[in-house]
Structures are given as structure tokens and as C-alpha cells.
Amino acid sequence: MACTTESVAEALRAVASVVAEHRVELIELDRAIGDADHGENLNRGFTAVVAAIETVPETPGAVLKTAATTLISKVGGAAGPLYGTAFLRAATKLGDRSEVDAEAVAELLAAALEGVRARGKAEVGDATMVDALAPAVEAARGAVADGVAAVLTAAADAADRGAESTVDLVPRKGRASYLGERAVGHLDPGARSTALVLRALAEAAK
Amino acid sequence: MSVGLVFVSHSATLAAGVAELAAQMAPDVKLVAAGGLDGGGIGTDFEAVSQAARDADSGAGVVLLYDLGSAQMTAELAVETLDGEVDAVVVDAPLVEGAVAAAVEAQGGADRAAVAAAAAKAGAQAETGASTDSGAAESVELTLRNDVGLHARPAALLVRALAGLDTEVTVRLGEQEADAHSVLALMSLGARQGDRIEVLAKGADAGTAVERVKDLVARDFDE
């Protein structure tokens, strides 16, 4: 089954509530290796997204674009341009389609990954959002035949594992990179929030 | 019409300070500080950076410099979303040195690519100074009488005096040499009041170049 504009908006509301639930957890993760603002920033950003799509835009792409511009202006810190770019590239990928099928979902995740990679100049293994998003894209592509919910569930499962893998990594990007070896043993907050967002989308699609 | 500059920093004070410093050397260049979050606080504000790029543009394009990682991302995202509305580019350069080098280049009327290049090579120049060049066609020895010697503003005036001339000019202080087309190289000489410098020029406009430097030194760099 394909997603309509309203279901995309509903999924973003679900993301906002999951981010709000995990606000403290993200703050604590960021406190260990960053400046402890990731949870606060994301929560502020997605709360603003919910307000911005109260009047739901006309197409799924327009919903994602509204989310992107809102996140860019409201999140602040490194997560603002990174999440903003992810949603913006996804929106551009969708164009003015009226519905999003499983294949489109996999494509827009791939576009989001490409955007995050280019913006943050990070690759897999740097202990960033990319460590969650890259395996998610791979898994999403493999599940296209099974529908939207399966694509997103596969992506969320892979993102969880990818995020967990950052615990053992030496960060090479962002503030955590200043800590070097001392950051080993910590889950990257950006990878964790990426996994949370994908899980929320997957749950919403069920 | 010159290339405009935007200084993107996590700190409003830092961005404003960089603009203030660069303005000393480039009075006619549009220098826009985009630092801190809307309503205060440390961070970078996408809307402010985008607006700064629009404000800095007077038709010749804009070069954006930044301090740390997420300021770079915000600046690049702003350029991407301006999507050709402003001919803008983000340069990877040390913020202070890059700002000074870019401001002087812009003041001299260089195009956007040249301004960006001046910023990009600013860090390396400050460390290595200028290359040796012998066989000068014109040379003159001058004693610096102004208070601050070849410090930032006088160095910038000297570089600007040579802008557009077809000549290679080197300034010597004792054993050291600096490319007279680079503010940072000139400053790295550390020439002070009372120091005797040698100016060597070669190329078609060598005579004019030497005359202009002599004139500047004689006027105490208008201090």
C-alpha cells in the first residue's frame, strides 16, 4: 500500500512524539561526547515541524520540504543542516508525486543518505548519522517487494544495528572527534536519533 | 562593485570582530557578520547566513568563510538553497587570515574566484612567506617612520597600491623576504617603526610599483 500526503504528515507527527519521548536519552548520549544539546535541539525542531504541517501541504514531497526548512531553521547545531539536508533531498526526490510507494521510500532514503554524506563529509565508520542511515538504505532496497511498512521496518532494524556499531568506533567527524579514543564506548547521538526517526516512521507505516 | 564577504561564526562577537578587522583593510567591501543564534547564544542560524549572503551581494558575487564544522554545513546549505540567486561560494580557510586576505583581494577589485583563492591559500602563506626572486628591475631602500610599521592596515594599503600593476614585488627585511601582494606575508616580516626595508620590483610596471611604495612610506601610510 502506498502512502498518501496525510499519512506522511502523520508519520512526521509520530517522529516528533518519539523524539520528545527520547529527548533526555539523546541529551545524555550527547553529554558524554558532545555538548549535550542534541535531544533538546531535535525536540525543538520536530515540535516546530508538527506546527508547520498543521495545515497539511498538498503533496508528500511538500510535507517533507516543509519539514526540511523547519528543521534547518529551528534545530541549530550540526543536526540542523544535516537533518534539514536529509529531508530536503528526500523531498526533491519525491517531486510532485501524490503517493509514495515502497520503491519511492527506498529511493528517498538513499537521497537523504547522499545528502547527509555530502553535507557532513562523513562515511561509514566515522561514528555519525551515516553509520545508521547507510545500512538502513541498503536494507530498505532489499525489502522493496514487500511494501512500504516492510521497507521502513527493514531500514529501522538495520539502523538500530548500525547505531549500535558506533559504540566501538573512534569518531572522526563533529565535536566527538576531538575526544579521539576517549569517545570509544559511547553510542553516537546522531546515529541513535537517526535510528529512532526511522523506527517511528516504520511504526507509523504499519 | 566588489565581491562581498560573509563571516559565519558560532559566536556573534567573533563574526563581528572578524568583520571589524577586515574592514580596516577593505573600506569599500561589503562585509557581513553572521554569527550566533537568533536571539543570542552560540550556534549558527541558517536564515541569518542566507540573508547575509544576499546582503553582501552587490552583483559581483559573495565568498563565505566560517569558523567550525557546523558553520561550514550551515554556510554550504545556505549557498545550496540560494540556488543561483546569489553567486556565492564557501571557502575552506582559516577564518581570520582568510578574511583579511579575501577582503584585501576584494578591495583590489578581484573577481569572486580570485577572492576565494586568496582566502584559501591564506593559511599556507602565513607560514611559508614568499618565495625568493632575484634579478629585480627596480629597487629602493626605505625606512618606515609610521607608528605601527608594516602591520595589518599599512600592509593592506601596500598590497592595494600594487593591485592591477604588471609587476612582481618583494619586500625584504634583513634576511627575510615577503611577497608584497600578500598582506599576511608582509605582516609576517614584522617590520616595525625605524626598520629599513628593501622593495624589489620587476616586470613592466616595476617603476610605478616602486614609486607607489615610496609614496606610501613617505606619507607614513596616511596614519
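Lys121(A) is partly exposed, with a relative accessible area of 41%. This residue belongs to a predicted model. Its loop runs between helix 6 (102–120) and helix 7 (130–142) of chain A.

**Chain A: Lys121 and Asn41**

- Lys121(A) has a phi near 50°, a positive value in a residue other than glycine.
- Asn41(A) sits in helix 3 (residues 38–52) of chain A.
- The relative accessibility of Asn41(A) is 8%, so the residue counts as buried, the cut-off being under 20%.
- The side chain of Asn41(A) makes a polar contact of 2.9 Å with the side chain of Arg44(A).
- Beyond residues up to four places away in sequence, Asn41(A) touches Val75(A), Gly76(A) and Gly77(A).

**Chain B: overall fold**

- Chain B holds nine helices and eight strands.
- Its radius of gyration is 18 Å, close to the 17 Å that the globule rule gives for 223 residues, so chain B is as compact as a globular protein of that length.
- Along the principal axes, the C-alpha atoms of chain B fill a box of roughly 50 × 30 × 30 Å.
- Of its 223 residues, 51% count as buried.
- Among contacts in chain B with a separation of 6 or more, 78% come from residues 24 or more positions apart.

**Chain B: Thr44**

- Thr44(B) lies in the loop between strand 2 (31–35) and helix 2 (46–56) of chain B.
- Thr44(B) counts as buried because its relative accessibility is 5%.
- The side chains of Thr44(B) and Thr74(B) are joined by a polar contact of 2.9 Å.
- With neighbours within four places in sequence left aside, Thr44(B) contacts Val8(B), Ser9(B), His10(B), Gly36(B), Leu37(B), Ser70(B), Ala71(B) and Thr74(B).
- From Thr44(B) to Gly108(B) is 64 residues in sequence and 30 Å in space, C-alpha to C-alpha.

**Chain B: Asp83**

- Asp83(B) is found in the loop between helix 3 and strand 4 (88–90) of chain B.
- With a relative accessible area of 64%, Asp83(B) is exposed.
- Phi of Asp83(B) is near 45°, a positive value in a residue other than glycine.

**Interface of chain B and chain A**

- Eleven residues of chain B contact 13 residues of chain A.
- The two chains bury about 1,100 Å² between them, and carbon and sulfur atoms give 60% of that area.
- Met73(B), Leu77(B) and Glu80(B) supply 48% of the area that chain B buries against chain A, more than any other three residues.
- Three salt bridges are counted between the chains.
- One salt bridge pairs the side chains of Arg89(A) and Glu80(B), at 3.1 Å from N to O.
- Helix 2 and helix 3 (69–82) of chain B are the elements that give two or more residues to the side touching chain A.
- Helix 3 of chain B gives the most to that side, with eight residues.
- By class, the side of chain B that touches chain A has four nonpolar, four polar and three charged residues.

Notes. Residues are numbered from 1 along each chain as its sequence is written. Chains are lettered from A and ligands numbered from 1 in the order in which they are written. This is a predicted model: local features need pLDDT of at least 70, side-chain atom pairs count only at pLDDT 80 or more; totals for chains, interfaces and linings use all residues. Side-chain values use heavy atoms; hydrogens and water are left out. Helices (H or I, at least four residues) and strands (E, at least two) are DSSP runs, numbered from the N terminus. Buried means under 20% relative accessible area, exposed over 50%, partly exposed in between (1.4 Å probe, protein chains only). Contact means heavy atoms within 4.5 Å. A polar contact is a pair of N or O atoms within 3.5 Å; within protein, one must be able to donate a hydrogen and the other to accept it, and residues adjacent in sequence count only if both atoms are side-chain atoms. Buried area is the accessible area (1.4 Å probe) that two parts lose on being put together, summed over both. A salt bridge is a side-chain nitrogen of Lys or Arg within 4 Å of a carboxyl oxygen of Asp or Glu. Ala, Val, Leu, Ile, Met, Phe, Trp, Tyr, Cys and Pro count as nonpolar, Asp, Glu, Lys and Arg as charged, and the others, Gly among them, as polar. The radius of gyration is taken over C-alpha atoms; the globule rule is 2.2 Å times the number of residues to the power 0.38.
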